[in-house]
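Here's a quick tour of one structure, going through surface, charges, helix packing and rings. Have a look at the model first, then read on.

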Amino acid sequence: MSEPATPRDNPDEIIEAEPQRREPIFNLPGIVIAVIAACVAIHLIRVYILSPDQDFALLVRAAFVPARYSGQYAVEIWAFTSPLTYAFLHGGFPHLILNMVWLAAFGSPLANRLGVARFSAFFAVTSLAAVALHYVLHSTDVAPLVGASGAISGMMGAAARFSFQIDRSQGKPAFSGAPLPIRDVLRSRTAMTFLGVWMVINLVTGLVGFTPGVDNQIAWEAHIGGFLAGFLGIRFFDRRREFA
């Protein structure tokens, strides 16, 4: 009885094995990686390259300072750029690391959902909304406001409108389904539990502080401003799709 031939018995026969598909360790959208890289690079430059005087000069120009708009100071280009550039500055390594972790967690599925252009616009608008509410409540404050927390809070607000449901079927995790009506979000136990915990954390960090000795962190009022912009405005940024 003859035995079936093997590759060793028949050297002319070539068997091609299917390549194993490997998932990347860091499956983050390019735009999220770019924002994280910018925030990390800027902070490293501030800490290890700039002198204290140079870092102070950078804060004056790039951080959001409400008193700049009080009419007591000359209007310079920084008055128009700082409401966006403040988001790329951070008060310390703990502040930076925490924000980048949340950005990766909530920004990735949102970026995969919206695409680069819409995600960039969403980041900009929620950053502006964060400083807008902060300015309304602290219009004469001279303390610099820094951090991406306002935009990240906007991403959390958007996530709540999707009830934190993520579709992984396409290989790129993205928020799935149509944004829920606000009344449905309010009825969702998952969404309301998360938002309740998030609100308590914001109030505690706003009243007690996040990092002892660091005063130039983004305020909880700015978190609320960014969150509301993301929660109420996600439909304006979402791609038009047909849902079954």
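Leu-44 has a relative accessibility of 36%, so it counts as partly exposed. Keep in mind that we're looking at a predicted model here. Leu-44 sits in helix α1, and it belongs to a nonpolar surface patch of about 760 Å².

The biggest share comes from α1, which puts in four residues.

## Salt bridges

How many salt bridges does the structure hold? There are three. Let's start with Arg-46 and Asp-55, whose side chains meet at 2.6 Å, N to O. Arg-46 is buried at 10% relative accessible area, and Asp-55 is buried too, at 16%.

Next up is the bridge between the side chains of Arg-113 and Asp-238, again with 2.6 Å from N to O. Arg-113 is in helix α4, while Asp-238 is in the segment after α9 (220-237), so this pair ties together parts of the chain that are 125 residues apart in sequence. Arg-113 has a relative accessible area of 0%, so it is buried. Asp-238 comes out at 8% relative accessibility, which also counts as buried.

Then there's Asp-184 with Arg-187, a salt bridge at 3.9 Å, N to O. This one is local: the two residues are three apart in helix α7 (residues 182-187), so about one helical turn separates them. Asp-184 is partly exposed, with a relative accessible area of 30%, whereas Arg-187 is exposed at 65%.

## The buried face of α3

Helix α3 (residues 78-85) has Ala-79, Ser-82 and Pro-83 as its buried residues. Look down the axis of α3 and you'll find them within an arc of 105°, so they line one face of the helix.

What do the buried residues of α3 pack against? Their partners are α2 (52-62) and α5 (116-137).

## Aromatic pairs

On to the rings: searching the whole structure turns up ten aromatic pairs. One of them is Tyr-69 with Tyr-135, an edge-to-face pair with 6.0 Å from centre to centre and 80° between the planes. Tyr-69 is in the loop between α2 and α3 and Tyr-135 is in helix α5, so the pair ties together parts 66 residues apart in sequence. Tyr-69 counts as partly exposed at 30% relative accessibility, and Tyr-135 does as well, at 28%.

Phe-122 and Phe-237 make another edge-to-face pair, with 5.4 Å between centres and 80° between planes. Here too, distant parts of the chain are linked: Phe-122 is in helix α5 and Phe-237 in helix α9, 115 residues apart.

Technical notes:
Residues are numbered from 1 along each chain as its sequence is written. This is a predicted model: local features need pLDDT of at least 70, side-chain atom pairs count only at pLDDT 80 or more; totals for chains, interfaces and linings use all residues. Side-chain values use heavy atoms; hydrogens and water are left out. Patches are made of residues with over 30% relative accessible area and no salt bridge: like charges are joined within 9 Å, nonpolar side chains (Val, Leu, Ile, Met, Phe, Trp, Tyr) within 5 Å. Accessible areas come from the Shrake-Rupley method with a 1.4 Å probe; for residues, only the protein chains shown count as cover. A salt bridge is a side-chain nitrogen of Lys or Arg within 4 Å of a carboxyl oxygen of Asp or Glu. Buried means under 20% relative accessible area, exposed over 50%, partly exposed in between (1.4 Å probe, protein chains only). The arc is that of the directions from the helix axis to the C-beta atoms. Contact means heavy atoms within 4.5 Å. Rings of Phe, Tyr and Trp (its six-membered ring) pair if their centres lie within 6.5 Å; planes under 30 degrees apart count as stacked, over 60 as edge-to-face and the rest as tilted.
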